[in-house]
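Subject: Structure for you to look at

Hello,

Here is the structure I said I would pass on. My notes follow below it.

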Amino acid sequence: MAILQPVRGTHDLLPPECRKYSYITDTAKKTAASYGFAEISTPIMEFMEVFKRTLGDESDIVSKEMYEIADRGDEPIVLRPEGTAGVARAIMSNGLTQSMPLKYFYSGPMFRYERPQKGRLRQLRQIGSELFGVSDPVGDVEIIALAYDILTALKLNQRVTLEINTLGDDESRKQYRHQLVTYLKDHHKSLSLESQQRLEKNPLRILDTKDEGDKKILKKAPLLSDSLNGFSQEMFAKVLEGLKILNIPFVLNPHLVRGLDYYCQIAFEFTTTELGSQGAVIAGGRYDGLMATMGGPSIPGVGWAGGIDRLAMMLRDELLPSLKRPLAIVPTDEAFDIKGLELAQYLRKEGFTVEMTYGGGLGKRLKKANKINACYALILGETEIASGLVTIKSLDQGQQEQVPQTDVRRILKEKGI
RNA sequence: GCGGGUGUAGCUCAGUUGGUUAGAGCGCCAGUUUGUGGCACUGGAGGCCGUGGGUUCAAUUCCCAUCACUCGCCCCA
């Protein structure tokens, strides 16, 4: 029976759900295009090294969530856990590093081996945007504005909060890390086990601990904002100013830290409280060191990824554009099916949405027409065919009229179909 | 990876203090209506009570395991 179950953490998207996903993706793609972001599609498989180098060996994603594929070659291959590293790789593989800036939009499945729950899947779907080759904070503002516009187009902007923080540049961060570690080492014994381990591997992540004891200790810890050098301060200030001018609401969250190594400077998350413990629906930041880490030229970048699954959970059906109601072709008997098909094909060519009804007599077919939410039934029976007519019946009002087949197109147009 | 909860019809859920034919609403199919749907009425189909094992004369019910979902932790979109 196991064969009838989808693999853990994967889901079938049935038509109503699929419609939501397409709507989200299409809306995002259109909005991105209006900013000049072109769609790109990279493979679902990459060499493991692509992610190991960029995300960091110590990141959870690399250390325990990668899907490694059995391949016949020597190089380990994985299902991609995220999108940015693959896009960066593609830029270098295709020699696109000469013509900056590059603005890309992507969408597709990602894979992470983790325990599924609400809003957290093993096959997740993401949309994402990346802006390469711009170190100016205008780029940060624009990329955030794009995310905000997409949420607005989806009518979700009122239900999310933009949280933002700066991680500083390498120099600032290094200095701060040193200060933080020095401070925390004095309180080493009082820290949670989790945080004690992080002290060695990734001390900055201690900042967004949920342990109450840790939080107390952190209250007196040195602040990253105090370690920011002039450059980093100015950068952050400019981004915030830009957001204000564009009327994009945000809240500062000094504890916002990203888990992936490649982030620096601005980090942001659009969060919601509607999805249980999964707060982020769109998140990203700046990754100036990414390209160089992969062995390429030092090209700055900033971008974000959004969880389609999570956005879809927030999208109630009434937020979707309504479906176009079809016309139903209703022959009164199977003998007239071919005539019906002819009429269907003609009307489809004229731009109408037309569905055939299959099998049964008039009553049964009208029932079916009703079930598919058709607005009109086009009835073809013996009398109609004998005189070149067709009966147009409104399924809302119940009225019907017989009209010449040659006038059907015009009459339907007049009804506003 | 760790801890808690749940699993009965297509869906939402009752129920069985272990006992013979396991129920409701919605949905589905058919009829009332062989050229008129929606509404109404009548009838019908559909369940190895998640799966495997154990205890028992007897298990959907109790026990164990497993799988899936779910909530929290970790982490992330």
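The largest nonpolar core holds 62 residues, and those with the most contacts inside it are Ala147, Leu151 and Phe270. By a nonpolar core I mean a set of buried Ala, Val, Leu, Ile, Met, Phe, Trp, Tyr and Cys residues joined through C-beta atoms within 7 Å; a residue is buried if 20 or more other C-beta atoms lie within 10 Å of its own, exposed if 12 or fewer, and partly exposed in between, with C-beta atoms placed from the backbone. Helix α5 (residues 137-153) gives the most to this core, eight residues.

This is a predicted model: local features need pLDDT of at least 70, side-chain atom pairs count only at pLDDT 80 or more, and totals for chains, interfaces and linings use all residues. Residues are numbered from 1 along each chain as its sequence is written, while chains are lettered from A and ligands numbered from 1 in the order in which they are written.

Leaving aside residues up to four places away in sequence, Phe270 touches Ala147, Leu151, Val160, Leu162, Ala280, Val281 and Ile282 (contact: C-beta atoms, placed from the backbone, within 7 Å). Another core, of 18 residues, lies apart from it and includes Ala328, Leu343, Val354 and Leu366.

There is also an open antiparallel sheet of three strands, in the order β2-β4-β3. Helices (H or I, at least four residues) and strands (E, at least two) are DSSP runs, numbered from the N terminus; two strands pair if DSSP finds at least two bridges between them. β2 (45-47) and β3 (67-69) are the edge strands. β3 and β4 (residues 77-79) pair over three bridges.

Regards

Key:
Two residues are in contact if their C-beta atoms, placed from the backbone, lie within 7 Å.
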